[in-house]
Amino acid sequence: MPVPNSSDLSAPSFLLASIPGLEAAHAWMAILLCSVYLLAVTGNCAVLFIVRTEASLHAPMYFFLCMLAAIDLALSTSTVPRVLSFYWFNTKEIGFGACLVQMFLIHTLSAIESTVLLAMAVDRYVAICHPLRHAAILTNAATAKIGLAAMARGVVFFLPLPLLLLPLPFCGSRELSHSFCLHQDVMNLACANTTPSVVYGLTAILLVMGLDAILICLSYILIIRAVLRLPSWRERLKAFGTCVAHICVVLAFYVPLIGLSVVHRFGKDLAPLVHIVMGNVYILVPAVAHPIIYGVRTKVIQRRILNLIHIYSH
């Protein structure tokens with residue numbers, strides 16, 4: 001087996017993925033992507049503004065919603081502008097350091113979002129199963145501490161990912177399978193033993209997203225048990241109705257995450273279009289869906305959004 005020379009082993013840059021045969025359509029793809037990104041930014045900024053200015057929404061559930069909005073803004077902004085630069089100006093190359101930073105941000109912000117979704121599930125559990133203790137347990141101070149703990153958890157678990165890739169040599173193909181950098185995608189391009197990186201990456205995913213998903217399911221099992229004990233169907237529907245928005249938000253986050261993981265693990269023979277579309281869905285669908293879901297399910301947010309639209313349309 002030939003030994004690569006030093007220039008091959010260096011990793012100055014990677015190449016972002018493009019769809020073969022559709023290079024001429026990059027401008028149209030950029031317009032579509034930019035439109036979705038602007039929708040996500042507008043929706044999440046509106047949620048932040050409304051919750052901040054509406055005193056009736058100063059409650060743990062909506063503070064957690066603000067955290068989700070801030071995370072979605074950061075996650076989409078850490079990827080979409082670079083993808084738009086690629087589509088508009090054909091800047092396909094991304095530096096090794098910039099790629100590792102982007103990878104760290106994507107995985108860390110996703111872990112923080114998963115933790116916040118778990119906190120929202122616990123909030124719903126306490127509100128339904130222990131309503132008299134809800135205000136005492138989930139105070140504003142406790143909500144802030146949960147947010148800080150979510151940030152610390154994401155950084156601690158996912159900071160080692162780029163550090164494990166930093167010393168690896170890269171040779172051969174430098175083309176990624178997405179329009180941005182993900183850990184497994186970059187790791188697969190290394191021409192060295194990646195077992196430590198594989199093991200740690202899988203462990204981190206299972207201990208954060210995997211554990212959170214299990215605990216969210218457990219919370220809803222307990223919620224359903226409590227709801228079914230209520231005396232009338234009207235009370236049951238009213239109690240469970242407070243959880244519908246959160247369930248939709250959880251699905252909007254975990255379904256694209258699972259879909260992207262499946263494509264990574266078992267979709268090596270799939271067309272490049274599938275990888276690129278799944279990656280963009282994973283980044284943008286939660287950011288667009290979350291404000292829409294809570295805008296539809298929360299009358300105060302819905303009313304304020306309609307007022308803002310009315311003001312700016314005249």
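Helices (H or I, at least four residues) and strands (E, at least two) are DSSP runs, numbered from the N terminus. What you see is a predicted model, in which local features need pLDDT of at least 70 and side-chain atom pairs count only at pLDDT 80 or more, while totals for chains, interfaces and linings use all residues. Residues are numbered from 1 along each chain as its sequence is written, and side-chain values use heavy atoms, with hydrogens and water left out.

Now the helix pairs. Two packed helices are described by the angle between their axes and the distance between the axes.

Take helix α10 (residues 195-228) and helix α12 (residues 244-266). They pack at an angle of about 145°, and their axes are 12 Å apart. The crossing of α10 and α12 is left-handed, a term used if the near helix is turned anticlockwise from the far one by less than a right angle; clockwise would be right-handed. Contact here means heavy atoms within 4.5 Å. On the α10 side the contact is made by L202, M209, D212, A213, I216 and Y220, and on the α12 side by H246, I247, V250, Y254, L257 and R265. Sorted by class, the residues of the α10 and α12 contact are nine nonpolar, one polar and two charged. For these classes, Ala, Val, Leu, Ile, Met, Phe, Trp, Tyr, Cys and Pro count as nonpolar, Asp, Glu, Lys and Arg as charged, and the others, Gly among them, as polar.

What angle do α10 and α11 make when they pack? It is about 155°, with the axes 9 Å apart. α10 and α11 are therefore roughly antiparallel to each other. On that scale, angles under 35 degrees count as roughly parallel, over 145 as roughly antiparallel, 65 to 115 as roughly perpendicular and the rest as oblique. α10 passes α11 in a right-handed crossing. I223, I224, V227 and L228 of α10 meet R236, A239 and F240 of α11. That contact of α10 with α11 has six nonpolar residues, no polar ones and one charged.

The next pair is helix α3 (residues 60-77) and helix α13 (residues 272-297). Their axes come within 9 Å and cross at roughly 150°, so α3 and α13 are roughly antiparallel to each other. The crossing of α3 and α13 is left-handed. α3 contributes M61, L65, L68, D72, L75 and S76 to the contact, and α13 contributes I283, L284, P286, A287, H290 and Y294. The classes in this contact of α3 with α13 are nine nonpolar, two polar and one charged.

On to the core. A nonpolar core is a set of buried Ala, Val, Leu, Ile, Met, Phe, Trp, Tyr and Cys residues joined through side-chain atoms within 4.5 Å. Buried means under 20% relative accessible area, exposed over 50%, and partly exposed in between (1.4 Å probe, protein chains only). The largest such core has 87 residues, and F14, V116 and L117 touch the most other members. Helix α5 (residues 96-129) supplies the largest share of this core, 15 residues. Which residues does L117 contact, leaving aside its neighbours within four places in sequence? They are L68, I216, H246, V249, V250, F253 and Y254.

Last, some single residues. S179 sits in the loop between α8 (160-165) and α9 (183-187). Is S179 buried or exposed? S179 counts as buried because its relative accessibility is 1%. Not counting residues up to four places away in sequence, S179 touches L16, A17, V83, Y87 and I276.

N90 is in the loop between α4 (80-89) and β2 (93-95). N90 is not a glycine, yet has a positive phi of about 55°. With 55% relative accessibility, N90 counts as exposed.

R225 belongs to helix α10 and, at 47% relative accessibility, counts as partly exposed. R225 and C129 are 96 residues apart in sequence, and 9.2 Å apart in space, C-alpha to C-alpha.

R229 is exposed, with a relative accessible area of 58%. R229 and L207 are 22 residues apart in sequence and 33 Å apart in space, C-alpha to C-alpha.

Methods. Axes are lines fitted to C-alpha atoms, for helices over the stretch in contact, and angles run from 0 to 180 degrees between N-to-C directions.
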